[in-house]
Amino acid sequence: MPHRILLVEDDAEIVEMLAGYLKKEGYAVVSADNGEEGVARFRSEPFDLLVVDIMMPKLDGIEVIKIVRETSSVPILIMSAKDNDIDKAIGLGFGADDYISKPFSLIEITARIKAAIRRATLYARREPEEKQDDIVNLDGLTVDLDNYVVRRGGEDIKLTAKEAEILKLFLKNPNRVFTKAQIYGFIWNDDYLGDENVINVHIRRLREKIEEDPSDPKYLKTLWGIGYKWDGRE
């Protein structure tokens, strides 16, 4: 069965171009030309990935992401104007996994879609018996590295795919310092072009979810001018 993609975009030319290309690549594509329709489609049908434009009528892409993230960790790729870094940062902050700037290359966006779906599929295929293989307990925070499950006080903490990968990278390498370029290379499997917004936003969101005091983190430390490291694995 082909992977299903929901494309939420109000530009008919982009929809026709991108949907046509993705269908040739073997994907099943459903489109919505505004945010309200996109949310309705998402709620009524299963999808493996969402591609969401930021600027749309009725309900913008940020609101779509917020609504989706209330119930789902499905991978989300946002599209934004090339010069609008603020929108990108906000979209990532509300739970998008990746972004691509307009105008974009069809080859590049397809590669990003394939990578996101591949990661999500690998998570879903983890066998239940692996669950006890690598579990970390940190002062009430329990992290199951194999199954990407995080709990605090018995309550599940929802992480996006990227947040889960970043957390696993640090927990597997305690006290090792990672530069932003290294984090980007490991998690995005792409060359780092100096866009700090992507790393900064994901680190901030991860801290908000796992740290008791995100402004004074106990575990995910910043080494100013160098990068980040995980401190305190027990």
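Val 143 has Val 150 in strand S8 as its bridge partner. Strands S7 (residues 141-144) and S8 (residues 149-152) run antiparallel and are joined by four bridges. The model is predicted: local features need pLDDT of at least 70, side-chain atom pairs count only at pLDDT 80 or more, and totals for chains, interfaces and linings use all residues. Residues are numbered from 1 along each chain as its sequence is written, and side-chain values use heavy atoms, without hydrogens and water.

**Sheet**
- The open sheet has four strands in the order S6-S7-S8-S9, with antiparallel pairing (two strands pair if DSSP finds at least two bridges between them; strands are DSSP runs of E, at least two residues, and helices runs of H or I, at least four, numbered from the N terminus).
- S6 (135-138) and S9 (155-157) are the edge strands, each with a single partner strand, so one side of each lacks a neighbour in the sheet.

**Helices H6 and H8**
- The axes of H6 (residues 161-172) and H8 (residues 196-210) come within 10 Å and cross at roughly 80° (axes are lines fitted to C-alpha atoms, for helices over the stretch in contact; angles run from 0 to 180 degrees between N-to-C directions).
- H6 and H8 are therefore roughly perpendicular (65 to 115 degrees).

**Met 55**
- Met 55 lies in the loop between strand S3 (49-53) and helix H3 (61-69).
- Met 55 is exposed, at 58% relative accessible area (exposed means over 50%, with a 1.4 Å probe and protein chains only).
- The C-alpha atoms of Met 55 and Ser 80 are separated by 7.7 Å, the two residues being 25 apart along the chain.

How values were computed: Angles under 35 degrees count as roughly parallel, over 145 as roughly antiparallel, 65 to 115 as roughly perpendicular and the rest as oblique. Buried means under 20% relative accessible area, exposed over 50%, partly exposed in between (1.4 Å probe, protein chains only).
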